[in-house]
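I opened this structure today to look up a few things. My notes follow the order in which I checked them.

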Amino acid sequence: MELDRTKKEAKQIRRDIIDMTHAVGTHGAHIGGSLSAVEIFATLYFNILKYDKANMTAEDRDRFILSKGHAAMTLYATLHRVGIVTDEDIKTFKGNGSKFANHPYMYPEKGVEFSTGSLGHGLSLGVGTALALRHKGNTSSKVYVYQGDGECDEGSVWEAAMSASHYCLDNLILIVDRNKIQLDGFTEDIMSQKTICERFRSFGWDVINIDGHDIDDIYNKITSGLANQKGPLAFIANTTKGKGVSFIENRYEWHIGTLNDKLYNQAIEELENEANQ
Amino acid sequence: MASKYNSLLLSKFGQSGAAFSFALITLAEANPSIVVLSSDMSTPAGLDKFKKTYPDRFFNVGIAEQNLIGVAAGLASEGWIPIVVAQACFLSMRSFEQVRQFCGYMGYPIIICGIGAGFGLQFMGNTHYSIEDIGVLRTIPNMTVISPADALECCMALEKAITYRKPVYIRFTDKMGCPVVYKDGCDYEIGVANELREGGEVQLIATGSLVDIALKVAEALGQEGVSTSVIDMHTIKPFDGCKVNKNAKIIATIEEHTIINGLGAAVTEYLSTGQNKTTLLRFGVSDKFSEVGDYSYLLEQHGLTAENVFSTIMKELL
């Protein structure tokens with residue numbers, strides 16, 4: 001498989017996220033939660049998700065729902081690396097009137113399926129989409145929902161989780177970005193999610209843990225899970241918020257952060273050192 | 001105009017019973033894209049026949065209104081026409097944000113049907129009365145808000161909503177045996193109010209089940225020599241302002257809804273946009289919770305009777 005290429009693309013996605021954050025200056029961006037998603041997005045978009053770059057609304061595509069909408073930079077950067085979002089698009093990030101805003105704006109032609117950002121909504125959308133696909137006889141497309149662990153505080157997530165197993169949705173995949181940090185602090189201090197695996201299992205889901213920054217592990221576990229999927233499937237991805245930049249890693253203050261020139265240069269230097277290893 | 005619907009028969013089933021047990025069955029047969037969802041309210045809403053006829057086109061999400069709207073949006077995104085049915089109070093408030101994001105913001109053409117709106121749930125009490133739904137939902141951009149006057153108009157509204165292809169909220173008021181306003185059918189277009197009676201001195205603008213009261217009041221005023229028109233403002237948003245008579249001496253709005261931010265407010269907003277000599281009297285639910293009782297008791301508590309509206313207007317005219 002093209003995992004070497006995926007690893008290179010992941011590095012570039014991380015670079016793009018840092019560039020975008022720097023470009024918006026004092027407005028800041030959701031850099032922490034975007035960086036924790038990089039390897040998963042790279043693995044999905046370069047190896048697993050089914051889509052056609054020439055027609056991102058093709059019926060037989062897989063659907064990807066970014067429920068954790070504040071990781072929009074990761075989505076834009078990944079779609080940029082794939083070749084769907086252009087250089088010009090990326091430059092408009094968080095600009096006045098831009099479709100590439102802090103949270104995703106529904107832009108199906110560019111691979112953004114829904115306008116998300118209000119946490120707790122994506123899994124319901126995923127359930128509805130999965131039901132819709134089954135109802136029209138589309139048995140080949142899958143629905144992927146990417147969600148945060150803090151997001152699992154929302155009750156609506158559990159309404160959706162119940163309905164997913166009630167309807168035996170074997171075309172629905174949830175990936176939880178378990179970076180253990182939310183805006184106010186560590187999840188275990190705010191609202192513990194330590195039983196998250198058991199909770200999804202008790203709601204009737206199959207649950208698989210993955211190392212959210214190990215592309216080989218991500219690829220192997222997801223493909224294996226898909227091959228044996230019998231109902232709704234959840235991957236709990238153990239990640240690090242701010243992964244790849246030492247002064248951001250595991251720091252809840254960096255849920256939204258600004259990168260001045262000095263910090264930006266430091267971040268880039270770290271990425272380049274990592275790339276050269 | 002002649003109608004395919006029998007208004008007297010439909011009224012026996014109430015607004016939601018008429019819409020879902022009769023109109024929906026015909027509409028679903030004609031349009032296989034229609035799917036129906038509910039949050040554990042299908043039987044009270046009159047959906048048993050639909051469920052039996054089209055079991056694979058009905059989805060129950062249980063008592064989970066937020067998930068209900070999200071699932072409907074997912075279905076809409078794939079080309080289905082979802083009709084969502086649940087209690088008006090919970091749909092409009094528990095899942096308000098989902099309605100705002102998926103219908104208003106993303107524009108998914110979901111038809112949201114709020115049953116038991118106003119005081120329709122009678123002894124269920126204040127937790128179940130829906131007297132804020134017009135107010136909260138009309139604040140959402142791109143949302144259409146409809147309150148039909150009787151069972152027949154409900155069927156027409158549902159039919160039009162399906163081809164309208166925009167997000168719509170329809171509130172179903174009153175109960176079984178509801179009054180008949182349109183005995184012989186009606187011309188119905190979303191956003192175009194119906195003038196039911198002509199007149200000049202007083203204009204009564206009503207919506208939902210209280211259109212019937214407006215007609216009674218107009219009759220009584222007419223007998224006093226007061227020329228009174230009646231408008232069935234079935235669509236509160238988009239608001240058909242051109243039917244508002246800015247030259248009337250008095251306009252009275254009548255709604256089974258709080259007087260804050262409902263029909264009366266919509267008329268106020270319209271009147272404020274220009275010069276007029278009109279006195280606006282807004283009749284609606286007072287800004288307080290109600291003592292629980294039957295339908296008539298609840299309406300009387302807030303002055304929503306023909307007698308009170310009539311006498312208040314007469315006093316104003318003197």
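**Entry 1: the model.** I noted at the start that this is a predicted model.

**Entry 2: where the chains meet.** I looked up the contact between chain A and chain B. On one side I found 25 residues of chain A, and on the other 24 residues of chain B. Together the two chains bury about 2,000 Å². Carbon and sulfur atoms carry 60% of that area.

Entry 3: I followed up a salt bridge between Lys136(A) and Glu78(B). Its closest N and O atoms are 2.8 Å apart.

**Entry 4: the side of chain A that touches chain B.** Which helices of chain A each supply at least two residues to this side? I found helix H6 (122–135) and helix H7 (155–166). H6(A) gives the most, with 9 residues. I also sorted the residues of this side by type: 10 are nonpolar, 9 polar and 6 charged.

**Entry 5: a link within chain A.** I counted salt bridges over all chains and got 26. I picked out the one between Lys7(A) and Asp216(A), whose closest N and O atoms are 2.9 Å apart. Lys7(A) sits in helix H1 (residues 3–23) and Asp216(A) in helix H10 of chain A, so this pair ties together parts 209 residues apart in sequence.

**Entry 6: strands around H10.** I moved on to the strands of chain A. S6 (residues 206–211) and S7 (residues 233–238) of chain A pair in the parallel sense, over 6 bridges. Asp211(A) stands opposite Asn238(A) in S7(A). With helix H10 (residues 215–227) of chain A, S6(A) and S7(A) make a β-α-β unit, and I noted that the unit is right-handed.

Entry 7: Most residues other than glycine have a negative phi, and most peptide bonds are trans. I looked up two exceptions. Lys94(A) is not glycine, yet its phi is positive, near 60°. I placed Lys94(A) in the loop between helix H5 (87–91) and H6 of chain A. In chain B, a cis peptide bond joins Lys237(B) and Pro238(B), with omega about 0°. Pro238(B) lies in the loop between strand S10 (235–237) and strand S11 (250–258) of chain B.

Terms used. Residues are numbered from 1 along each chain as its sequence is written. Chains are lettered from A and ligands numbered from 1 in the order in which they are written. This is a predicted model: local features need pLDDT of at least 70, side-chain atom pairs count only at pLDDT 80 or more; totals for chains, interfaces and linings use all residues. Side-chain values use heavy atoms; hydrogens and water are left out. Two strands pair if DSSP finds at least two bridges between them. Helices (H or I, at least four residues) and strands (E, at least two) are DSSP runs, numbered from the N terminus. A crossover is right-handed if, with the strands pointing away from the viewer, the path from the first strand over the helix to the second runs clockwise. Contact means heavy atoms within 4.5 Å. Buried area is the accessible area (1.4 Å probe) that two parts lose on being put together, summed over both. A salt bridge is a side-chain nitrogen of Lys or Arg within 4 Å of a carboxyl oxygen of Asp or Glu. Ala, Val, Leu, Ile, Met, Phe, Trp, Tyr, Cys and Pro count as nonpolar, Asp, Glu, Lys and Arg as charged, and the others, Gly among them, as polar.
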